[in-house]
There are 2 protein chains.
Amino acid sequence: MSNRPSFQVYLEEVTAAVTEALKHTLPDHWDVPQSLTDAMQYSLMAGGKRLRPLLVVAAAEAFGAQRTAAMPVACAVEMVHTYSLIHDDLPAMDNDDYRRGKLTNHKVYGEATAILAGDALLTHAFYSIVQAGRRSGVAADALLSIVEDMSELAGARGMVGGQVADMEGEQGMTDLSQLQYIHLHKTGDLIVFSLIAGARIGGASEGQLEALRVFGRDLGLAFQIQDDILDLTGDEQKMGKKTQSDVNQQKVTYPYFIGMEASVDEVKSLTQSAKDALERAELPDASRLLEIADYLMSRDH
Amino acid sequence: MSNRPSFQVYLEEVTAAVTEALKHTLPDHWDVPQSLTDAMQYSLMAGGKRLRPLLVVAAAEAFGAQRTAAMPVACAVEMVHTYSLIHDDLPAMDNDDYRRGKLTNHKVYGEATAILAGDALLTHAFYSIVQAGRRSGVAADALLSIVEDMSELAGARGMVGGQVADMEGEQGMTDLSQLQYIHLHKTGDLIVFSLIAGARIGGASEGQLEALRVFGRDLGLAFQIQDDILDLTGDEQKMGKKTQSDVNQQKVTYPYFIGMEASVDEVKSLTQSAKDALERAELPDASRLLEIADYLMSRDH
């Protein structure tokens, strides 16, 4: 146990390894228009917490799998997350000029190239999944299940469906069940994917996969409610110059429906139920996943 | 041989079967915003020749595979083709209001939903590929190769790269080698995919796959040059009211670079080399594929 790195060190190590792998995930020499490669690489390398790749790696390692075996799928989920951000930022969607302090993809490369760079990243993610078999010997059946999970959880039934519901929510009403639908799918489903993909690489049983689905669903929802809370805390600091127009544009959040105190309680209770589900699954070593759950809930940004 | 349906009957039969399968490729009851399902279904059902699914089916059947085994992949390639048309038609790209006489997706559902419907169709295509294993027992290794081919031939190295080159070509120069790059990738690569995916379902050898790649590449290029020729023939009929602005906007085509006569010869010679490659591959029954080659070259629209 004395050799076990602290969680902080583990986090930095995995994040660095993922970023390095992402740097090389697009072939150096391929016969592709330079602007397209540049646009794909720009957003892939624009920073971010690399949370989803971390979950793939931690889940695979919880079953004793090698980190290298998990890396192509870790890169794949980051490509899918990145494409979704590029398309979300488009003028027809959220129309954002900046993300994480850098110009958004369409501001740098133009709208058409940004759409196509997103399309190409999504498509290349599936290539990267197959490479986990070609390069690291992950079994064909596990890989096909990972492809199937990705297409369900990132597609109409998953992330894209959540994004459509979010857009429609902005145009009118929302009730708590619709907000839950948005949180579960827009953010949650890719978190669930990351966990069960890592587990499949590690050779998880059906029962363990089911437990990780519950862990991911509860963790993802807690993560989003925490985001809602942090958004509001930030807003309060700016309260002095809040205008009527700000109030009209106020985003519908968890605290809006159930109040701040109940939202804070909900984050705690979901995190606990996530951790309980994980304990029941009896993984060979769940410790890093449990640490990640605590880390996500204690963050202040 | 007396029971063998004519090519016309075969074409109608396969097209009807593909259209029926596409009707049911999105689950009837899934928890997805209605507008998203509607937008996906609208473009999937908006007609079209179903050429790519036909090639999947014909290639699989050339090796003696059942048509039903090829159908999920046939649907997948049509989903990818459909998503590419939805995104091509967007205001930021070609800005088209009509396609095949019907309003384009973004004109009916709005730009944001159209982008997301395209994303969802691309994502669902990979789901559909996996279903060829779940429902029809296609081997896992063949399916993984089909996923890999799809992600290469529809992605940055393939169709999306061709689309970017086409956009950039419209903004300035083009030389024949760039036009070839556009034709080979924007249209050709999905035709190559269809053929080798069908062949993989039928259990083709590496040598046969290679021959089908050549067949597909030459056939796809001939198909596009034929399109260029037909475009120009159409233009000539309108010559009387051609304005200087029309001339400035004239699309760079094969006849523009090598002349009309040489273009017609090129179509013939590519079709012949495609058919030669196919003959060399010694498929159990290449007759429908050869008929398709002749059919594509003799079409007048």
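This is a predicted model: local features need pLDDT of at least 70, side-chain atom pairs count only at pLDDT 80 or more; totals for chains, interfaces and linings use all residues.
Visitor: How is the size of the interface of chain A and chain B expressed, and what is the area buried?

Guide: An interface is often sized by the accessible area lost when the parts come together. Buried area here is that loss (1.4 Å probe), summed over both parts. Between chain A and chain B about 4,200 Å² is buried, and carbon and sulfur atoms give 71% of that area. In terms of contact (heavy atoms within 4.5 Å), 50 residues of chain A touch 50 residues of chain B.

Visitor: How many salt bridges does the rule find across the interface of chain A and chain B?

Guide: Side chains of opposite charge can pair when their charged atoms come close. The rule asks for a side-chain nitrogen of Lys or Arg within 4 Å of a carboxyl oxygen of Asp or Glu. Two salt bridges are found across this interface. In one, the side chains of Glu148(A) and Arg134(B) meet at 2.7 Å, N to O. In another, Arg134(A) meets Glu148(B), also with 2.7 Å from N to O. Arg134(A) lies in helix H6 of chain A and Glu148(B) in helix H7 of chain B, so this pair joins two chains. Helices are DSSP runs of H or I with at least four residues, numbered from the N terminus.

Visitor: Is Arg134(A) buried or exposed, or in between?

Guide: Buried means under 20% relative accessible area, exposed over 50%, and partly exposed in between (1.4 Å probe, protein chains only). Arg134(A) is partly exposed at 45%, whereas Glu148(B) is buried at 12%.

Visitor: With which residues is Ser145(B) in contact, leaving aside its neighbours within four places in sequence?

Guide: They are Arg134(A) and Arg200(B). Ser145(B) lies in helix H7 of chain B, residues 140-153, and is buried, with a relative accessible area of 11%. A polar contact is a pair of N or O atoms within 3.5 Å; within protein, one must be able to donate a hydrogen and the other to accept it, and residues adjacent in sequence count only if both atoms are side-chain atoms. The side chains of Ser145(B) and Arg134(A) make such a contact, at 3.4 Å.

Visitor: Where is the kink in H6(B) centred?

Guide: The bend at a residue is the angle between axes fitted to the seven residues ending there and the seven starting there. In H6(B) a kink of about 30° is centred on Val130(B). Of the 26 residues of H6(B), 22 are buried, so the helix is largely enclosed by the rest of the structure. Gly137(B), with a positive phi near 70°, follows H6(B).

Visitor: Which residue forms a salt bridge with Lys186(A)?

Guide: The partner is Asp88(A), with the closest N and O atoms 3.9 Å apart. This pair links distant parts of the chain, 98 residues apart: Lys186(A) is in helix H9 and Asp88(A) in helix H4 of chain A. Lys186(A) is partly exposed at 23%, while Asp88(A) is buried at 9%.

Conventions
Residues are numbered from 1 along each chain as its sequence is written. Chains are lettered from A and ligands numbered from 1 in the order in which they are written. Side-chain values use heavy atoms; hydrogens and water are left out. Buried area is the accessible area (1.4 Å probe) that two parts lose on being put together, summed over both.
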